[in-house]
Amino acid sequence: MGRTTPSTRMAVEEEINKLLKIANYMDYEDKDKVKEIIKEAYSLISYYQFEGLYDPLEPIILGLIVYLAKRCK
Amino acid sequence: MEGLFLDARYDKGVLTLYFLSNKIEEINVKAHRIAYIEPTSIELYNVLNKLSFIYEIMEEEWFLPPYYDFKRPIIKIKYLGSSKFIKKIEENGLGVHVNNFPDEINLILREKSLHPGYLYDMNTLEMRDSDDPLYKLPEIRYAYVTSLNKYGKEASWYDIKYYKVSINNKDDFVIKNIEELYDIIKENEISIVMADVNSLNEIKSQGFILIQKPLVGIYGLIEWSRISGLTLRQASNSSIGKILTSAEALEAIKRHYEIKKVKRVEPWRKLGDMKDADRAGATFIPKPGVYFNVYQLDFSSLYPNIIVLNNLSAETVNKNNCIKYETNAIGHKVCFDKEGLVPSVLKRLIDRREKIRPYKKDLIFKERFDAIKWILVTGFGYLGYRNSLFGSVSAYESVTYIAREIMKKSYEISNKNGYKVINYIIDSLFLIPENPKIDIEELSETISKEVNIKLRVEDKFLWLVFPYTERCLGSAGRYYGLRDDGTLKIKGINAVRKNVPDIIKYAETNALNVLKKASNKEEFYNLLIKAKESYDNVKKELINGDVKEDLLVISKSINKIGNTQQVRASRILYGLGDSISYIINSDGNPIPVEFYEGNYSKEYYLKYLERSEIEMPWYIINKNCNTS
């Protein structure tokens, strides 16, 4: 009954939150930018609606690819 | 003389029928009690034959659940007196009581060919009606009774100040004492009184039918009766799920499908396969922002249509004895040998609704139309509810899978034709014509043809906002915008949420009413400052203490507060579904409105307003949402 959908979304959020926490500890002046890129993964979860998501890290990796693509423009 | 059959009671061999003609007429007829027993031991026949109060024993052939592919003899008995012997039969392992849903009275009525909600000749008890959804009704004089508190809002059990009596949705009376109601009923020749939970217990039925105020209005309730076979009283006390299940039970009885709770076990699957199959409908996370010239397209009854078109029913999915079947991509086998029970009920409802659609400007038809809509909405949920009589998780998974495929196709076709999809939610798409190759009507027609389900252009928005949520994301179900007819559509934000104090709604609505004057991008941005000012003015009023106390009231249903023993106990004492209204006092504590003395917490409401401001468009434009 769509039992795995909320847990998938929560799993991605957990990964994002974990990375955001780690980013907070970082001694890096652009860490806000890092956090912004990590958060990009939130908006990418939607694109997994049709094909399904197998690993919660997938949207985060896709987020990095999207960021790189934006920079390559 | 003709009468509308509405209600019935059974007591000690007498069936009392309630008809509406000029007034409520009572007719008594003799009737036996009826029970169906599935034998589990040959000994059952001997036992039943010895019971003197049983008048008739018949053997009938019924199809057995879960797949209804085999027939078995079931015993039908007619009797008088207590039904305790049935329990004893079950306890002794002689048989199982079946076909007892929704209730015994429905079996008795069926035996007498009496269907609630239909017109009958009251002398002969012959039906004088057809199954046409545009059926005519005699004039019904009815009243809604609502208990209100001092702020004119629906009262809790303890803060009733007066009652509003609304006659035929036209004339309103305000009474302080419930006793005054009886004169109003007499003077206005009222036949049916519908009261909220708090007033219901205080009213005594005297020559009129008294029922709980339904969700759908009296004409919707009669439609529910006709569809489900439930009496008006039963329908008014039922959840929508029960109405649907009763309609399904009617169809089951027609087909001689035995009604018995059975476990429909899911097939064994690998974890990966389950991950693929066990997903909900497609829902987007829209990017928060302001969008201009947006179309909203809605599929008409998407899930019910999927169920009907694909014959998805509890007994058709993963059925073993099947000749003609298709296996879908998530591995479920769907049988097409015979029309499924759930699809046949839903198909009838969809057709019925479409016939009513052109007439829905009329209140009677609008209520019928909405009543069917509610059942259709429930249809999908109950198909997947393992404990429902006609539910199966496998059928449910097939529906969501097909819905996702439909949304995927719609997404691709829209993109291909130059429309950008900015949001989709289950059965709704939001599109911006970026480089349109065809007009929107043509696009909706193309998608409709491709997926075989009608896609309608629901709205055109001059501007549409997807606001931030608390987590600084967008949400598919939260948006507001200005339609091209000049009206606002507001979904999911605090301005329209039930448990939010009116001051928040007031601030948000004020701001949106300012923006209502903006018909294009330039005007929208020009009016933003003014809109923000109107929002800030509410904050000032709050700080200055100029706020009327009724704007501060928070009403919450006790059922939603929690399920502690205390709450459960108070529910028994004060009634189900009750709500509590309170104001946050200056010391930060919630005070029931009756005990509030005029000092509200400025800090609490101000913080609430500030929190709520993230839903406003200036917040999105400044991009200052931050969670961490």
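Reply: In this predicted model, helices α6(B) and α11(B) cross in a right-handed sense. Helix α6 covers residues 217-228 of chain B and helix α11 covers residues 341-356 of chain B. Their axes come within 12 Å and cross at roughly 145 degrees.

From α6(B), the residues that make the contact are B:Glu223, B:Arg226 and B:Ile227. From α11(B), B:Arg348, B:Leu349, B:Arg352 and B:Ile356 take part. Sorted by class, this contact of α6(B) with α11(B) has four charged residues and three nonpolar ones, with no polar residue.

One of these residues, B:Arg352, also has a partner in a loop of chain B. Its side chain meets that of B:Asp131 in a salt bridge, at 3.8 Å from N to O. Because B:Asp131 lies in the loop between β8 (119-121) and β9 (142-148) of chain B, while B:Arg352 belongs to helix α11 of chain B, the pair ties together parts that are 221 residues apart in sequence. Over all chains, the count comes to 37 salt bridges.

The surroundings of chain B also include chain A. Between them, chain B and chain A bury about 2,200 Å², of which 49% is on carbon and sulfur atoms. In chain B, the residues that lose the most area to chain A are B:Lys275, B:Arg279 and B:Ile285, which together account for 26% of what that side buries. The contact takes 28 residues from chain B and 21 residues from chain A.

As for specific pairings across this interface, the count between chain B and chain A is one salt bridge. B:Lys408 forms a salt bridge with A:Glu51, and the closest N and O atoms of that pair are 3.0 Å apart. Six residue pairs are in polar contact between chain B and chain A, both residues being at pLDDT 80 or more.

Two helices of chain B, α9 (271-277) and α13 (393-416), each supply at least two residues of the side that touches chain A. Of the elements of chain B, α13(B) gives the most to that side, with seven residues. By class, the side of chain B that touches chain A has twelve nonpolar, ten charged and six polar residues.

Terms used:
Residues are numbered from 1 along each chain as its sequence is written. Chains are lettered from A and ligands numbered from 1 in the order in which they are written. This is a predicted model: local features need pLDDT of at least 70, side-chain atom pairs count only at pLDDT 80 or more; totals for chains, interfaces and linings use all residues. Side-chain values use heavy atoms; hydrogens and water are left out. Axes are lines fitted to C-alpha atoms, for helices over the stretch in contact, and angles run from 0 to 180 degrees between N-to-C directions. Helices (H or I, at least four residues) and strands (E, at least two) are DSSP runs, numbered from the N terminus. A crossing is left-handed if the near helix is turned anticlockwise from the far one by less than a right angle, and right-handed if clockwise. Contact means heavy atoms within 4.5 Å. Ala, Val, Leu, Ile, Met, Phe, Trp, Tyr, Cys and Pro count as nonpolar, Asp, Glu, Lys and Arg as charged, and the others, Gly among them, as polar. Buried area is the accessible area (1.4 Å probe) that two parts lose on being put together, summed over both. A salt bridge is a side-chain nitrogen of Lys or Arg within 4 Å of a carboxyl oxygen of Asp or Glu. A polar contact is a pair of N or O atoms within 3.5 Å; within protein, one must be able to donate a hydrogen and the other to accept it, and residues adjacent in sequence count only if both atoms are side-chain atoms.
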